[in-house]
Amino acid sequence: MQIWRLQVVTSGMNIAKYCLDNKVAAMGWCFYDDSRDALKKGRDKVKDFDSYSEWYKQWDDCGVDGSVDRLANKIKIGDLIWMYNKNDGFYYIGRCNSPYRFNTSEDAIKNDACNQVGVEWYKYADTSQGLVPGAIITSLIRGLTFCQIHKTGVESFSKYAFNMASNKEVFKDIEFKIDKENFFSMLSNDDCEDLLYLYLYSKYGYVCIPSSNKKGTKDYEYDMVDPKTGTHYYAQVKQQDSPLDASDYTDFVQRYKNKIYFLSTNREVINIQSLGEFGEIVDPEKVYEFALSDESQNLLSKSMKFWLNLLYTYQNKTVLSNSKGVMFDTDSPKNEQNMISESKISAYGNSKRYIDSSFNINDYVLYYKKGSGIIAVGKIISERKEISSKEEYYRNVEFIYPKQDEINTDISVSPSEIKTIAGHNFYFASTIKSPFVDQNTVEKVLNALKKKYERK
């Protein structure tokens with residue numbers, strides 16, 4: 001399958017409404033405003049791409065535009081197309097459902113939209129919701145009228161988006177790869193800038209000066225200050241497909257004598273040595289690790305959490321065992337003690353949905369203490385129950401290890417040890433730590449926890 005994006009401004013007009021009303025992806029190059037009778041007459045005889053090519057080259061020596069060629073010859077039935085309609089601020093996703101045709105109707109000519117394929121369009125999300133990946137947003141800002149999107153993760157997300165927008169399960173083979181490349185391809189430019197700041201804030205305590213974040217500051221994204229020393233620091237973030245050249249910022253550094261932190265999510269940062277002590281590269285892997293960690297749980301924006309939850313929700317679907325293991329955050333010392341003393345897992349308010357959707361009888365629950373790790377392992381032995389007066393959902397648990405009266409919440413299997421045991425990373429910044437694990441991993445965690453107790 002191929003994923004495409006369509007620019008809908010042709011000859012100065014926005015034809016998004018035409019495309020939606022007529023259920024097509026369309027574009028121009030039909031000389032809609034030309035008054036020559038011979039040209040008009042020849043246009044009426046165009047029936048397919050070959051006859052269009054013959055007709056077109058009489059009036060333009062350069063030949064057919066590449067976008068028209070791709071629309072006529074490259075797109076396949078079933079391919080997905082993204083379109084942004086600036087008139088209503090929404091992104092639309094569609095599926096090609098009929099082949100190329102040259103439409104010579106008065107309405108098509110008037111809108112400079114004669115070159116067409118049939119499309120089943122659906123409204124997906126507006127610009128304010130943060131639900132469209134950065135890779136798709138940036139592809140629609142400028143460039144060719146019609147072309148493919150080749151970015152990491154775009155195909156999987158587009159299938160997901162079409163299912164959601166159409167309210168149909170058309171695509172069942174959706175699989176998201178969990179890694180930093182996929183994650184960063186989902187983030188918008190603003191998200192990437194915000195995430196770098198949150199990382200630097202968490203690591204160094206820098207405070208961002210809000211008014212410094214403006215489009216006109218080409219040398220930096222924002223100005224930060226260390227509240228302890230008053231020293232200013234700057235950040236530069238790029239998601240481009242070419243290297244980020246630090247030497248382009250030499251004049252800025254010489255003028256202000258302050259450090260710039262560089263984050264490039266797609267390619268390397270080059271010539272950092274030209275800035276001496278005033279240039280520092282931030283490793284994207286460390287920023288990604290931060291986004292997954294406990295320490296980011298109360299810092300990430302809604303859109304960042306949306307992407308992480310989406311990626312890991314699909315990963316969880318691959319753990320098909322009836323006795324899967326689920327890491328569950330105990331949230332606070334009070335809740336932790338309550339769950340242990342009453343042999344249960346419980347959640348309140350919005351989080352209570354996890355008790356319903358993430359667990360089944362015979363699943364393992366791995367009690368996770370924030371900032372420490374797994375402190376106990378139990379088995380789910382009941383269906384979901386409710387205490388409506390507290391807005392609480394809970395399930396009863398039989399503790400496997402340690403026994404209920406032997407649990408020491410100061411003894412745990414740490415996040416780094418959990419990752420080593422499982423052989424992959426986890427999204428720790430959530431009530432449910434994803435992905436779920438299989439029974440073999442649960443046994444390894446149990447053994448690691450037993451060894452911790454034996455040492456005590």
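Predicted model: local features only at pLDDT ≥ 70, side-chain atom pairs only at ≥ 80, totals over all residues.

User: How many of the 10 residues of strand β21 (residues 392–401) are buried?

Analyst: Residues are numbered from 1 along each chain as its sequence is written, and side-chain values use heavy atoms, with hydrogens and water left out. Buried means under 20% relative accessible area, exposed over 50% and partly exposed in between, with a 1.4 Å probe and protein chains only; strands (E, at least two residues) and helices (H or I, at least four) are DSSP runs numbered from the N terminus. Strand β21 is largely enclosed by the rest of the structure, because its buried residues number 8 of the 10.

User: Which residue of β21 is the bridge partner of Y348?

Analyst: Strands count as paired if DSSP finds at least two bridges between them. Strand β17 (residues 344–348) runs antiparallel to β21, with 5 bridges. Within that pairing, the partner of Y348 is E392.

User: In the hairpin of β20 and β21, which residue takes a positive phi?

Analyst: Strand β20 (residues 385–387) is joined to β21 by 3 bridges in the antiparallel sense, and I387 has E392 as its bridge partner. The hairpin leaves 4 residues between the strands. The one with a positive phi, near 55 degrees, is E391.

User: Which residue in β21 stands opposite V377?

Analyst: Here we turn to strand β19 (residues 373–380), which is antiparallel to β21 and joined to it by 4 bridges. Opposite V377 stands Y401.

User: What stands opposite M327 in β22?

Analyst: Strand β22 (residues 432–437) is mostly covered, with 6 of its 6 residues buried. Strand β16 (residues 325–329) runs antiparallel to β22 and is joined to it by 3 bridges. The residue opposite M327 is K433.

User: Is Q297 buried or exposed?

Analyst: Q297 sits in the loop between α11 and α12. A contact means heavy atoms within 4.5 Å, and, leaving out residues up to four places away in sequence, Q297 touches K305, D329, K370, F428, A429, S430, T431 and K433. Because its relative accessibility is 10%, Q297 counts as buried.

User: Which residue caps the N-terminal end of α11?

Analyst: In helix α11 (residues 284–292), the buried residues are P284, V287, Y288, F290, A291 and L292. Their cover includes α8 (180–186), α9 (189–204), β13 (259–264) and α12 (302–316). At the N-terminal end, a side-chain oxygen lies 3.0 Å from the backbone nitrogen of E285, and the capping residue that supplies this oxygen is D283.

User: What is the relative accessible area of M304?

Analyst: M304 lies in helix α12. Not counting residues up to four places away in sequence, M304 touches F183, L187, D191, D194, L195 and L198. M304 is buried, because its relative accessible area is 1%.

User: How far apart are the C-alpha atoms of M304 and D405?

Analyst: Along the chain, M304 and D405 are 101 residues apart.

User: Where is T265, and what is its relative accessible area?

Analyst: T265 is found in the loop between β13 and β14 (269–270). Its contacts, not counting residues up to four places away in sequence, are F184, C192, K238 and Q239. T265 is buried, because its relative accessible area is 9%.

User: Which are the edge strands of the open sheet of 5 strands?

Analyst: The order in this sheet is β9-β10-β11-β13-β15, and the pairing is mixed. One of its pairings is antiparallel, with 4 bridges between β10 (residues 222–225) and β11 (residues 232–238), where D223 stands opposite Y234. Each edge strand pairs on one side only, and these strands are β9 (207–208) and β15 (279–281).

User: To finish with the whole chain, what percentage of its 456 residues count as buried?

Analyst: The protein chain has 16 helices and 22 strands, and its C-alpha atoms fill a box of roughly 95 × 60 × 40 Å along the principal axes. Among contacts with a separation of 6 or more, 65% come from residues 24 or more positions apart. The buried share of the 456 residues is 52%.

Technical notes:
Polar contact = N/O pair within 3.5 Å; in protein donor to acceptor, adjacent residues only side chain to side chain.
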